[in-house]
Amino acid sequence: MFCPSCGNDDLKVIDSRSQQDAIKRRRACISCGYRFTTFERIEKRYPMVRKKDGSLEKFILHKIRTGLENAFRKRKISGDAFELLIHEIDAEIASYTNPEIESSDIGTLILAKLSSMDQVAYVRFASVYCEVNSLDDFLALLSFGDNSMQTKHSER
Ligand SMILES: [Zn+2]
C-alpha cells in the first residue's frame, strides 16, 4: 500500500478498531505525515450453485431475498428479524467450503430456518423452491415440516 498523497510505502498504523464486519485502521505516512483510513474485510467467496438440470450458476443473494420476501408477504416479521435471517443464510453459504453447492441444499438450509419461524412462510417458500406439483408432494412437504419441528423440540 502506498501513501495516497506522496506515494511512499512507509506507513504506520496509528489506530485500529474492530467493527461488525471490518477492521478500520487509521494510517499515517511516515514520509509526509498524511493520514487516511483503510478498511479490512473478510472476502466473501460463495460456492457455485448446481441446479437440478445440472448447470452451474453464480450464487445471488438477491434471489433468496426476493423468494423470502414473497414467502413472508403479509406475515408478521420485523425488518430486523428478516435482515438477520438473510444475514444468517448469507453467512452460512459464504462459509461453505466446497466449491459447489446443490440448489436443493440451499433450499433445505432455508427451510430448516423457516420451519421454526413461520409455518406459512415455510410452506410458501417450499412450494416454490421444491416445485410442489401434486397434493402428495404438498403433504410430504408438510410432514417434513413437522418432523423438523419435532427434531428441534427433542433436541432441547
Ligand atoms: Zn506520504
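Predicted model: local features only at pLDDT ≥ 70, side-chain atom pairs only at ≥ 80, totals over all residues.
Reader: Which residues are the protein donors of the zinc ion, and through which atom?

Author: The donors are spaced along the chain as C-x2-C-x22-C-x2-C. They lie 2.2 to 2.4 Å from the zinc ion, and the residues, each donating through SG, are Cys3, Cys6, Cys29 and Cys32.

Reader: What is the geometry of the zinc ion's site, given its four donor atoms?

Author: For four donors to count as tetrahedral, all angles must lie between 85 and 135 degrees. The angles among the four donor atoms of the zinc ion are 106 to 116 degrees, and the site is therefore classed as tetrahedral.

Reader: Is Cys29 buried or exposed?

Author: Cys29 is one of the protein donors of the zinc ion, and so is Cys32, which has a relative accessible area of 39% and is partly exposed. The cut-off for the buried class is under 20% relative accessible area. Because Cys29 has a relative accessibility of 3%, its class is buried.

Reader: In what order do the elements of the chain run from the N terminus on?

Author: The chain holds five helices and six strands. Read from the N terminus on, their order is β-β-β-β-β-α-α-β-α-α-α.

Reader: At what angle do the axes of helix α2 and α3 cross?

Author: Two packed helices are described by the angle between their axes and the distance between the axes. In this model Leu85, Glu88, Ile89, Glu92 and Ile93 of α2 meet Ile106, Leu109, Ile110, Lys113 and Leu114 of α3, and the crossing is right-handed. The axes of α2 (residues 79–94) and α3 come within 11 Å, and the crossing angle is roughly 145 degrees.

Reader: Which residues does Asp118 touch, not counting those up to four places away in sequence?

Author: Asp118 sits in the loop between α3 (103–115) and α4 (119–129). With a relative accessible area of 8%, Asp118 is buried, because that value falls under the 20% cut-off. Leaving aside residues up to four places away in sequence, the residues touched by Asp118 are Phe72 and Arg75.

Reader: What value is phi of Lys74 near?

Author: Most residues other than glycine have a negative phi. Lys74, in the loop between α1 (61–71) and α2, is exposed, with a relative accessible area of 84%. Its phi is positive although Lys74 is a residue other than glycine, and the value is near 65 degrees.

Reader: What distance separates the C-alpha atoms of Glu102 and Leu56?

Author: Glu102 belongs to strand β6 (residues 100–102) and is partly exposed, with a relative accessible area of 41%. Glu102 and Leu56 are 46 residues apart along the chain, and the separation of their C-alpha atoms is 9.2 Å.

Reader: Among contacts in the chain between residues at least 6 apart in sequence, what percentage join residues at least 24 apart?

Author: The chain has 156 residues, of which 26% are buried. Among its contacts between residues at least 6 apart in sequence, the share joining residues at least 24 apart is 41%.

Conventions: Residues numbered from 1 in each chain as written. Heavy atoms only, no water. Donors = N, O, S within 2.8 Å, 3.2 Å for Na, K, Ca; no water. Tetrahedral: all angles 85-135°; square planar, octahedral: opposite > 155°, others 65-115°. Buried < 20%, exposed > 50% of the residue type's maximum accessible area, 1.4 Å probe, protein only. Helix = DSSP H or I, 4+ residues; strand = E, 2+ residues; numbered from the N terminus. Contact = heavy atoms within 4.5 Å. Axes fitted to C-alpha atoms, helices over the stretch in contact; angles between N-to-C directions. Left-handed = near helix turned anticlockwise from the far one by under 90°.
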